[in-house]
Amino acid sequence: MKYTILCLALFLFGVGQSQILEPVKWSTSVEKVSNKEYVLVATATIEPHWHLYSQNVPEDGPVPTVFTFINNGSFLKKGNTSEDKGLTVNDPVFEMQIKYFENKATFRQTVRLKNEIPLSIKGKVEFMVCDDTRCLPPTEVDLVFTLK
């Protein structure tokens with residue numbers, strides 16, 4: 001009887017765990033341009049059959065990818081966050097032309113340091129992913145860009 005309950009509990013735990021979908025993994029890096037200028041690089045690795053939406057999507061479309069950099073006064077952003085070319089397609093879920101990324105996407109933000117080099121710059125990314133039949137709710141992930 002104990003064996004049966006244990007097996008049932010493990011099976012239910014496994015089924016419950018398999019329901020959590022995380023089709024995008026984020027990694028960060030930093031490229032030094034000069035003593036005062038750095039490029040913060042955020043890379044999304046996207047599982048097959050899923051797509052991550054661009055920072056620029058039409059109104060009434062999906063939630064765009066949005067980067068927020070937490071600034072304690074140690075740097076200035078230079079321009080907007082750039083992104084890879086991506087694909088512009090007629091999205092079957094939203095029935096409109098939308099730019100998205102498959103497999104991998106790289107986003108870059110140039111910053112200019114004010115005084116001393118901080119150990120790291122923190123940020124967040126909010127994004128939405130879909131496959132051809134469903135979308136996951138918007139997700140927010142903390143990012144850390146290590147400068148030293």
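Start by selecting Gln 109: at 0% relative accessibility it counts as buried (buried means under 20% relative accessible area, exposed over 50%, partly exposed in between, with a 1.4 Å probe and protein chains only). Before you go on, know that this is a predicted model, where local features need pLDDT of at least 70, side-chain atom pairs count only at pLDDT 80 or more, and totals for chains, interfaces and linings use all residues. Residues are numbered from 1 along each chain as its sequence is written, and side-chain values use heavy atoms, leaving out hydrogens and water.

Gln 109 sits in strand E8, residues 104-113 (strands are DSSP runs of E, at least two residues, numbered from the N terminus). Now show what surrounds Gln 109: not counting residues up to four places away in sequence, it touches several residues, including Tyr 38, Leu 40, Phe 69 and Thr 81 (contact means heavy atoms within 4.5 Å). Zoom in on its side chain, which reaches the backbone oxygen of Gly 79 at 3.3 Å.

Next, pick strand E3, residues 51-53, which runs antiparallel to E10 and is joined to it by two bridges. Here Leu 52 stands opposite Val 129 in E10.

For the last stop, select Cys 130 and Cys 135, which form a disulfide with sulfur atoms 1.9 Å apart (a disulfide is a pair of cysteine sulfur atoms within 2.5 Å). The structure holds one disulfide, and this link is right-handed, with 105 degrees about the S-S bond. Colour by accessibility: Cys 130 is buried at 0%, whereas Cys 135 is partly exposed at 28%.

Technical notes:
Pairing = 2+ DSSP bridges. Helix = DSSP H or I, 4+ residues; strand = E, 2+ residues; numbered from the N terminus. Polar contact = N/O pair within 3.5 Å; in protein donor to acceptor, adjacent residues only side chain to side chain.
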